[in-house]
Amino acid sequence: MTETMQRWSMDALGRENLKLTQAPVPQPGPGEVRVRVNAVSLNYRDKMVVEGTMPIPLSFPFTPASDMAGVVDCVGEGVTRFQPGARVISTFFPEWIDGKPQADARNLPYKTSGGYFQGMLAEYVIVKEDALVASPETLDDAEASTLPCAGLTAWFALVERGQLRPGQSVLVQGTGGVAIFALQIAKAHGAEVFVTSGSDEKLALAKKLGASQGINRLKGDWAENTLALTQDRGIDHIIETVGGENLKHSLRAVAVHGRISVIGVLAGTEITLSAGELLLKSPVIQGIGVGHRRALEDFVRAVDVTGLKPVIEHRYRFNELEQAFEHLDRGAFGKIVLTRE
């Protein structure tokens with residue numbers, strides 16, 4: 001193999017500082033694995049990290065992106081979980097294996113790939129063996145790369161924390177990566193799925209994936225329309241991807257003793273709610289910050305059993321990162337992936 005590789009790197013915040021560079025192929029140390037990266041899935045969070053709108057400390061030169069799929073190339077001393085040739089995916093929180101993350105009430109848990117740790121936008125990456133999961137057998141690398149952040153976030157909200165049951169109602173906001181995964185997971189669990197979007201075209205596509213109802217949020221009060229469609233019962237579980245003022249509307253639309261998973265902050269990070277509705281409806285409002293490795297392993301097994309296929313709107317080549325970010329700016333139906341081949 002060659003001694004150098006391509007890697008996307010930046011020396012300062014801002015997309016204009018991202019450069020495709022040559023770097024030495026890294027060597028694994030004890031307990032580490034070298035992975036030949038075949039696909040990297042982009043998340044809105046990656047855009048925020050690169051542009052500096054997510055204020056987290058980065059170590060420069062910095063390589064972005066948390067989600068990859070590839071093949072183990074070689075292993076360091078003492079590695080037992082994977083051998084060369086194994087297909088693997090990354091984990092969003094490399095040190096969070098199960099249970100609660102290692103943190104306290106003052107020091108919040110956010111030691112992530114493509115943030116605290118270097119990211120995956122390179123031909124080869126070095127990862128601790130505990131920070132990898134075996135890829136689903138039923139997915140190609142591009143599809144598998146979409147699971148570690150967007151897929152696991154939806155799974156963690158609905159299944160790991162939400163304990164979704166057949167016959168419940170789920171409302172998904174938007175048609176981005178987390179939202180489409182939530183739609184697919186909810187349908188696989190026998191739930192009735194409602195989708196909100198500002199695009200009738202995207203709502204039609206969501207119905208083809210199994211959504212029962214599509215609500216155009218630009219054509220009236222989406223929460224009021226949701227209550228009308230449910231005969232005022234409301235929604236058992238809302239996947240809240242917008243944040244800010246929108247959470248007030250989610251509280252209006254949620255059923256008594258329902259659940260709201262707060263995932264996105266597109267409309268802002270500050271939240272104010274009606275105490276009356278909160279007290280009398282008594283919903284669970286849970287923040288979802290992706291999830292742990294064990295839940296990702298559960299999700300991988302579920303993908304193989306159910307045949308769930310991630311929705312990828314476009315696959316870009318590894319050197320087309322600028323075009324991929326521009327697509328992310330416009331908003332994708334499902335996921336955007338960069339591939340080596």
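1. Is R15 buried, partly exposed or exposed? In this predicted model, R15 has a relative accessible area of 23% and is therefore partly exposed, since buried would require a value under 20%.

2. The side chain of R15 meets that of E51 in a salt bridge, with an N to O distance of 2.8 Å. The two residues come from distant parts of the chain, 36 residues apart: E51 belongs to helix α1 (residues 44-51), whereas R15 sits in the loop between β1 (4-10) and β2 (18-24). E51 also counts as partly exposed, its relative accessibility being 31%.

3. A second pair to examine is R87 with D141, which form a salt bridge whose closest N and O atoms are 3.0 Å apart. R87 lies in strand β5 (residues 87-90) and D141 in helix α2 (residues 141-144), so this contact ties together parts of the chain that are 54 residues apart in sequence.

4. D236 counts as buried, because its relative accessibility of 14% falls under the 20% limit.

5. Some salt bridges share partners, and in this way D98, E160, R294, D298 and R301 are joined into one network.

Key. Residues are numbered from 1 along each chain as its sequence is written. This is a predicted model: local features need pLDDT of at least 70, side-chain atom pairs count only at pLDDT 80 or more; totals for chains, interfaces and linings use all residues. Side-chain values use heavy atoms; hydrogens and water are left out. A salt bridge is a side-chain nitrogen of Lys or Arg within 4 Å of a carboxyl oxygen of Asp or Glu. Helices (H or I, at least four residues) and strands (E, at least two) are DSSP runs, numbered from the N terminus. Buried means under 20% relative accessible area, exposed over 50%, partly exposed in between (1.4 Å probe, protein chains only).
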